[in-house]
Amino acid sequence: MKSGHNWLNSSGVQQRMAFLRLCKTLHLTMQDGIDRCIRRMGLDLTTSQLDVIICIAEGCGGPVNQKDIEEELRLTNPTVTGILKRLERKGFVTRTVGSRDRRYKEVRLTEKCARLGEQLHPTAEELLGGMFDGFTAEEFETLNRLLRRLVANCGRMACEMEALPPQTAQAPAACPSGCAR
């Protein structure tokens, strides 16, 4: 076997991969905290359903359609369709034929959902305050700015990678740890 450089031994790769794992852990931990809070309140909602409700609410009362939700939350059409159907059955949203474009259904929050928001607000304040405990306003803004830059970089890289021609295998793929197969 030919000895070669193991790309995983690069401190830059290891450091960046550890950061990505940390981001995943952060996401899962935050989601778990929100799920626990929702269950403790006795609400029949999932974190995904709550995300969609918040997305619709951020539409500032104007018409929001399913495509808007898909793009904003980066979810597939079938996923959003399922979430909206469940929210509609629970009485949190209504869907009507669009006034701007009849091909799209407009999604609006119901009065029941508005009452839910009033119920959730104090708990959300407490939960989110705890998540960011110890952060100054400046640190919080810096964190947001850096994460927005990372998201933009990832989006740019995805576009650049998409534009490259597909690679064809020249030789048998090596095991990432450098071992023989």
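The model is predicted, so local features need pLDDT of at least 70 and side-chain atom pairs count only at pLDDT 80 or more, while totals for chains, interfaces and linings use all residues. Residues are numbered from 1 along each chain as its sequence is written, and side-chain values use heavy atoms, with hydrogens and water left out.

**The whole chain**

Begin with the chain coloured by secondary structure, which comes to six helices and three strands. Helices (H or I, at least four residues) and strands (E, at least two) are DSSP runs, numbered from the N terminus. From that end, the elements run α-α-β-α-α-β-β-α-α. Of the 181 residues, 20% count as buried (under 20% relative accessible area; exposed is over 50% and partly exposed in between, with a 1.4 Å probe and protein chains only). Among contacts (heavy atoms within 4.5 Å) with a separation of 6 or more, residues 24 or more positions apart account for 49%.

**Helices α1 and α5**

Next, select residues 11–40 for α1 and residues 111–131 for α5; the two helices pack at an angle of about 155°, with their axes 11 Å apart. Axes are lines fitted to C-alpha atoms, for helices over the stretch in contact, and angles run from 0 to 180 degrees between N-to-C directions. The angle makes α1 roughly antiparallel to α5 (over 145 degrees; under 35 is roughly parallel, 65 to 115 roughly perpendicular and the rest oblique). To view the contact, show M30, G33, I34, C37 and R40 on α1, together with T123, L127 and M131 on α5.

**N65**

Move to strand β1, residues 64–65, where N65 is found. N65 is buried, with a relative accessible area of 10%. Its side chain has a polar atom 2.9 Å from the backbone nitrogen of K67, and the side chain also reaches the backbone nitrogen of D68 at 2.9 Å. Leaving aside neighbours within four places in sequence, N65 is in contact with R100, Y104 and K105.

**N77**

Finally, select helix α4, residues 77–89, which includes N77. N77 is partly exposed, with a relative accessible area of 43%. Neighbours within four places in sequence aside, N77 is in contact with Q66 and E70.

Conventions. Polar contact = N/O pair within 3.5 Å; in protein donor to acceptor, adjacent residues only side chain to side chain.
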